[in-house]
Amino acid sequence: MITTNNLTKIYKDQTALDHLNLQVNAGEIYCLLGANGAGKTTTINLLLGFIEPTSGSAFINDLDVSQKAKETKKFLAYIPENLMLYPSLTAVENLDYFSGIAGKKLSKKNIFNFLKEAGLQEDAFEKRIATFSKGMRQKVGIAIALAKDAKVLLLDEPTSGLDPKASNEFGQLLHKLSQKGVATLMATHDLFRAKEVATRIGIMKDGQLKEEFIAKDISLLNLEQNYLNTMEYKEVTL
Amino acid sequence: MFSYNFKYELKLLLRSKWIQLLSIILLLLFGFSAYNGKEKVIKREADITAAKNEVKENDQMMLQLLDSVEKGMQVSVSRWTIPTSPMVIGNYYPRVAAMQPQAMTFIATGQSDIFTHYVKPKVTGDDFALNFTEMTSPVQLLFGSFDLSFVIVYLLPLLIIAFSYNVLSSEKESGSLRLLASQPIRVQDWVSQKLFLRFFWLSLLIILSLCLTFLIFGIEWFSVFNSFLSLVAIILAYMLFWFALAFLVNLWVGDSAKNAISLLGLWVLFVLLAPSVLNQLSTTLYPMPSRTLMINEMRELKAEVSKKQDKILDNFLRDHPEYAINDTTQTRGFYHRYMASQQLVKQELNPVLTGYENQLQKQQAWLEKLKWISPAITVQESLNKMAGASTGDYEHFRKQVVDFAETWRSFLTPFLYNNKDFTQKDYSALPQFIFQPKPKSSQFVVSGILLIVSMLLFGVGFVLSKKVKEEMMLKPF
């Protein structure tokens, strides 16, 4: 579903992404960990077609992003760190608008179902987004992905700033989507959430994928130690 | 995508109170400017009516005097004001040559605050010295006239700038652009649709405000349907030009503040700077001969000819034997010599006058060619033409007045040289001035050209924006 072949992005004299080879299959949740500037967001921007790779290629649903950026966007949904919807529109209206411009015409019943499936409480459906918390906005974002019937979900620090309950609910939603066969790539700093939701976890540094783990095969403590080692931090005794 | 943008753009505009605010602003601006324009038209009509009434009253007095004189009664007026003399009629009882306002005159003051709307050409007057210029309040000249054309040419672009400068940048600044750009759409298409919809709603508000303003001020827009359509077409084309500029600036410039500054810079360039520079250049390239020098020349010439008036009169009568044949008394007075010498002064001054007119025409032709540099000039000129207040309209009126002055003189001169008294019977034959408005050229052509220019700007935006990757639009400021 998501494939990158030697994907590289160089800005003037700075290498933001260095020959990244990645494969995220249907139903997988791949978490990219790394410090700020490690290349996580650059990877997502390249997969979204927002920036052009210096070399290498990225594929979404077997379509080359550089060649068919508009086509690939039909299969993907994206939730940034701060999902900014239209504050003066309601949740229903935002979902209707974003689905509509993506080419999906939804009935009111479908809109309600998607919002319910995304976990948004019913009394918030007709409220303006301006009154929503970040967690509620993320749920509308998930509803947009559900409505779009996205095959690929790209998440950029989606749980940062969420309280533990909202973060947990978000993790459950990701599981629900993976069961539907959605391939998810999530860039995050949250090791705990990554361990909780991911199928595989990659650690990035200086634009390179340094390490990769099967999430169920590694403990949270080991993951943290590996992360710190990769980042070359001094060992911390808790 | 369009139907969703259409539906939700209206909702967003309504909820952000843009539509309500624009409706109020447009109604206030159109209402106040139309009121100002109408007041000027009413004053102009009142001035012309007053002048005509004065002529009527004078005529009544003149007919009474003629009646008394013809009945051999004594009249208690000075000898030189008894209307049996054709020169008394020509000088003391002139007709009013008036430029009546037209149905759309209220939309633009144009040249009307510089030129007068009526004159009373006298038989001894000099055509070029006819007082066509009118001194108005210096405060008004300083601040200009708050008429519909001012609202359209100067203020409407500012409203468009306020309405469109941040269509893309606000999405970028709020963060919603990344979500939008992750949808299977082209950002350029989305921006152009948003701007088109804003253009559509603003156009609708303007048309409604115009209809309402016309109704409030008692102008039946359906009775001036063609002119109304022409006015709407030119406003829409001018608006489209500014929306096209907003499109280009939105795609290329950057944050909202820079967009606003760039668009305001373009406003200064097109609305203030270009007209001023063109005006300066036209007067530098084709300077007008000094009117003071021309009047001095005329005075010198008159002083010269007054010394040899007898000779001039002899030559004049030699050239006009018809007067000598009919004149049994051969009495020659002041006016016989004056009128003959005036004819000579006119001929002598003809090259100076022609030079004056030629320079004016060259200035006009030069401005006509270069007016396309700024749509503001083009639109202002079109609105002036629609209002019948353009330089061309006043020149057209001036020529009619000069022709009428000649007709007035030609009617009374034979009375003078034939030493024939003016009688009551001759009254009905006195020439009357009938104003013929300048035939209106269609302003749809101007709208069409502006439309093409706007479309070209949009086209340039689309073509060049293909080279500007979304990367540029999405990168943080």
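I began with residues 2–231 of chain A, where the end C-alpha atoms lie 26 Å apart. By content, I found this span to be 37% helix and 27% strand. I then checked the UniProt record, an unreviewed entry, which lists residues 2–231 of chain A as "domain: ABC transporter". A reminder to myself: this is a predicted model.

Next I turned to where the two chains touch. I noted 22 residues from chain B and 24 residues from chain A in the contact. Which elements give two or more residues to the side of chain B that touches chain A? I found α1 (2–15), α7 (176–181) and α19 (470–474) of chain B. Of these, α1(B) gives the most, with five residues. I also sorted that side of chain B by class and got nine nonpolar, six polar and seven charged residues.

Last, I looked at a helix pair within chain B. Two packed helices are described by the angle between their axes and the distance between the axes. I took helix α2 (residues 18–70) and helix α8 (residues 187–216) of chain B, whose axes come within 9 Å and cross at roughly 35 degrees. I logged the crossing of α2(B) and α8(B) as right-handed. On the α2(B) side I listed residues including Leu22(B), Leu26(B), Phe30(B) and Ala34(B); they belong to a set that meets residues of α8(B), among them Trp201(B), Leu205(B), Ser209(B) and Ile216(B).

How values were computed. Residues are numbered from 1 along each chain as its sequence is written. Chains are lettered from A and ligands numbered from 1 in the order in which they are written. This is a predicted model: local features need pLDDT of at least 70, side-chain atom pairs count only at pLDDT 80 or more; totals for chains, interfaces and linings use all residues. Axes are lines fitted to C-alpha atoms, for helices over the stretch in contact, and angles run from 0 to 180 degrees between N-to-C directions. Helices (H or I, at least four residues) and strands (E, at least two) are DSSP runs, numbered from the N terminus. A crossing is left-handed if the near helix is turned anticlockwise from the far one by less than a right angle, and right-handed if clockwise. Two residues are in contact if their C-beta atoms, placed from the backbone, lie within 7 Å. Ala, Val, Leu, Ile, Met, Phe, Trp, Tyr, Cys and Pro count as nonpolar, Asp, Glu, Lys and Arg as charged, and the others, Gly among them, as polar. UniProt positions are given in the numbering used here, feature names are shortened, and annotations may be inferred rather than shown by experiment.
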